[in-house]
Amino acid sequence: MLNVVSKTIDLGDGRSIKIETGKLAKQADGAVTVTMGNTVLLATVCAAKDANPGCDFMPLQVEYKEKYSAIGRFPGGFTRREGKASDYEILTCRLVDRALRPLFPDDYHAEVFVNVILFSSDGEDMPDALAGLAASAALAVSDIPFNGPISEVRVARVDGKFIVNPTFEQLASADIDLMVGATIDNIMMVEGEMDEVQEADMLEGIRVAHEAIKVQCRAQLELSEAVGKLTKREYCHEVNDDDLRKKVHDECYAKAYAVATSGTGKHERGEAFAQIVEEFKTQYSEEELAEKAEMIGRYYHDVEKEAMRRAILDEGKRLDGRKTTEVRPIWIETDCLPGPHGSAIFTRGETQSLTTVTLGTKSDEKLVDDVLNYSKERFLLHYNFPPFSTGEARPQRGVGRREIGHGNLAHRALKRVMPADYPYVVRIISDILESNGSSSMATVCAGTLALRDAGVAIRKPVSGIAMGLISENKGKNYAILSDILGDEDHLGDMDFKVTGTKDGITATQMDIKVDGLSYEILENALEQAKQGRLHILGKMLEAQPETRDDLKPHAPRIEKMRIGKEFIGAVIGPGGKIIQGIQEKSGATVNIEEVDGMGIIEISGTNKACIDAAIGMIKGIVAMPEVGETYPGKITSVMPYGCFVEFLPGKEGLLHISEVDWKRFETIEETNLKEGEAIEVKLLDVDPKTGKFKLSRKALLPKPEGYVETQPRERRERREGGREGGRGERRDNREHRN
């Protein structure tokens with residue numbers, strides 16, 4: 001028997017969101033449908049009853065899937081069914097995961113699986129903005145321990161006005177696009193892109209989003225109360241020994257503090273930290289360690305964390321000896337590889353990105369075939385994070401979610417400074433060769449340098465920095481860290497990445513791991529990030545003051561032409577014959593498409609000569625012949641009454657025997673004209689009814705002295721049928737060719 005419970009959230013602009021449970025997927029620990037207009041999501045959550053042996057972390061798995069049937073489409077590919085997750089689906093998973101994960105209890109280690117599925121859409125409302133709400137609502141109606149609820153909304157600024165959960169159409173004209181995840185009290189996650197906006201504008205967008213999230217969180221609490229799931233399941237996933245905890249702290253803290261304030265490098269520091277706990281373990285037998293090793297490791301992790309945090313808060317000393325506002329040393333090398341069209345190495349401390357740029361043509365565009373997005377991308381950024389970058393001895397198994405997420409952040413940072421209507425398809429590849437903090441920001445800096453080395457005239461250079469936070473007492477005592485290390489990210493309270501030009505922010509990503517982060521702290525972090533970002537940008541401009549003024553010699557050359565829509569067919573020709581001929585003769589690659597009622601032609605080649613040759617041929621096709629003009633031509637066929645001459649590409653006219661010379665010829669053989677012969681002709685006339693062209697060679701020759709115009713010959717009367725009649729009909733048909 002169904003026991004359906006629902007709550008409706010009024011968005012205040014004529015739209016509403018309905019959350020409903022008790023109808024679908026009732027065997028899951030929690031399941032809800034979220035409906036907004038014609039967009040319908042189902043979210044389910046299931047958790048294991050107990051943790052796997054030895055698991056000391058939160059094994060959360062979030063999946064987001066869009067069904068092609070949601071929009072009435074068939075999937076591509078041979079199987080015609082949904083396959084592996086698209087980049088868009090993976091990025092949506094990450095948005096949900098990052099908001100949920102910090103709110104599970106620290107000692108809860110059972111596997112939790114969250115699945116969000118898009119079952120219906122009209123392509124108007126954006127479902128990724130509802131995925132976080134759906135996932136949290138499913139947890140709210142379950143008995144799984146969770147310190148929520150949370151919700152996520154997208155906020156966009158269009159024409160100076162902030163809109164919560166904008167449509168696809170509204171987002172296309174927005175200068176701020178932020179996805180924000182939060183509880184009723186605290187911001188948990190922010191990600192988005194902007195068009196060089198100021199820090200205060202971004203903070204205002206976060207405030208607007210948070211107010212909308214508060215309403216959605218209250219609705220989830222009401223739904224949970226109506227369902228009766230306020231009591232969460234009991235669990236015991238950790239065995240603890242308070243005496244052992246105290247012993248680890250007493251014997252290891254001073255040593256760990258000394259390492260935390262030593263200012264050594266990543267690997268030396270890591271070995272020193274590891275040596276402390278290994279020395280502690282020597283006081284136990286193998287049998288005792290079998291029981292206590294897991295607890296010792298957990299307690300010692302807390303000791304390291306406390307030592308690092310106290311060193312920063314009490315003495316202002318960071319792990320590598322820097323001040324809280326100090327950026328690590330930077331060295332840069334551009335044009336470092338001969339093969340790519342652009343290249344750069346950006347090294348900041350122990351983080352290094354080798355980035356290359358490849359310029360391509362229209363045929364290199366990426367086809368995006370997502371459920372709600374069928375389009376082509378001309379600006380690509382791929383991020384690779386091999387294990388050797390952190391000194392790990394393990395195989396590399398393809399591209400993971402982390403690589404996709406970090407690459408997407410760098411892509412968002414750079415795409416808004418790309419030149420408008422840039423003729424090239426651009427691919428940036430960032431290979432991280434060393435990593436100790438914020439390799440995505442190194443990718444942004446190296447990407448800017450490589451683009452400029454390739455001769456891409458980006459509007460302004462972009463730099464990026466990652467900020468950290470160490471806080472206590474609900475943020476009453478805190479320190480903001482510029483250019484954080486990997487350990488400062490892992491052991492700290494915030495990872496806040498900001499990218500931008502000298503004039504404003506282009507992208508951001510923030511994850512917060514503590515409660516009570518005030519807007520004052522966010523404002524101070526943004527201001528400190530700005531100073532660090534500008535410092536890094538200054539170093540970049542010292543190493544590379546200007547963009548390369550031309551492409552490298554081995555880069556492809558591209559020119560664009562616009563022609564009238566009516567000429568597209570003429571350039572392509574029957575079965576593509578004309579355009580293929582242009583490519584064969586010129587050596588250039590020619591692509592043509594209709595855009596906004598115009599024909600856009602892209603001509604690419606390895607040198608200017610082949611491009612110019614192709615342009616000349618195309619201009620000849622689209623040019624309108626003018627009466628009285630002289631044209632170089634080629635005889636395409638010889639007939640008894642004259643010959644046909646191609647005087648412009650695709651345009652052919654009749655040179656009658658009487659227009660060959662001032663001299664009278666009785667037969668065409670007397671003219672000595674041959675098929676394939678080059679000949680210069682003058683356009684005498686264009687028949688207004690048929691569009692046929694009348695050509696003359698005689699008009700270009702000097703008139704003989706004493707020349708007397710002869711009377712035109714009488715045409716013989718055509719007989720019906722017979723050999724002569726058949727020849728006359730063939731001649732008549734030939735004379736009417738265009």
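Modeller: Domain bounds here come from an automatic or database domain assignment. The model is a predicted one.

Biologist: Which domains is the protein divided into?

Modeller: The division gives domain 1 (5-227), domain 2 (242-315), domain 3 (330-543), domain 4 (557-622) and domain 5 (629-700).

Biologist: How far apart are the C-alpha centres of domain 1 and domain 3?

Modeller: Those of domain 1 and domain 3 are 25 Å apart. In the contact, domain 1 takes part with 46 residues and domain 3 with 38 residues.

Biologist: And what area do domain 1 and domain 3 bury between them?

Modeller: Domain 1 and domain 3 bury about 3,800 Å² between them, and 49% of it is on carbon and sulfur atoms. Of the area that domain 1 buries against domain 3, 19% is supplied by Glu193, Glu196 and Glu199, more than by any other three residues.

Biologist: How many salt bridges are found across that interface of domain 1 and domain 3?

Modeller: There are 13 salt bridges across the interface of domain 1 and domain 3. Glu193 forms a salt bridge with Lys415, where the closest N and O atoms are 3.2 Å apart. As for polar contact, 22 residue pairs are counted between domain 1 and domain 3.

Biologist: Which element gives the largest share of the side of domain 1 that touches domain 3?

Modeller: Strand 10 (187-197) is among the elements that give two or more residues to that side, as are helix 1 (87-100) and helix 4 (199-227). The largest share, eleven residues, comes from strand 10.

Note on methods: Residues numbered from 1 in each chain as written. Predicted model: local features only at pLDDT ≥ 70, side-chain atom pairs only at ≥ 80, totals over all residues. Heavy atoms only, no water. Contact = heavy atoms within 4.5 Å. Buried area = accessible area lost by both parts, 1.4 Å probe. Salt bridge = Lys/Arg side-chain N within 4 Å of Asp/Glu carboxyl O. Polar contact = N/O pair within 3.5 Å; in protein donor to acceptor, adjacent residues only side chain to side chain. Helix = DSSP H or I, 4+ residues; strand = E, 2+ residues; numbered from the N terminus.
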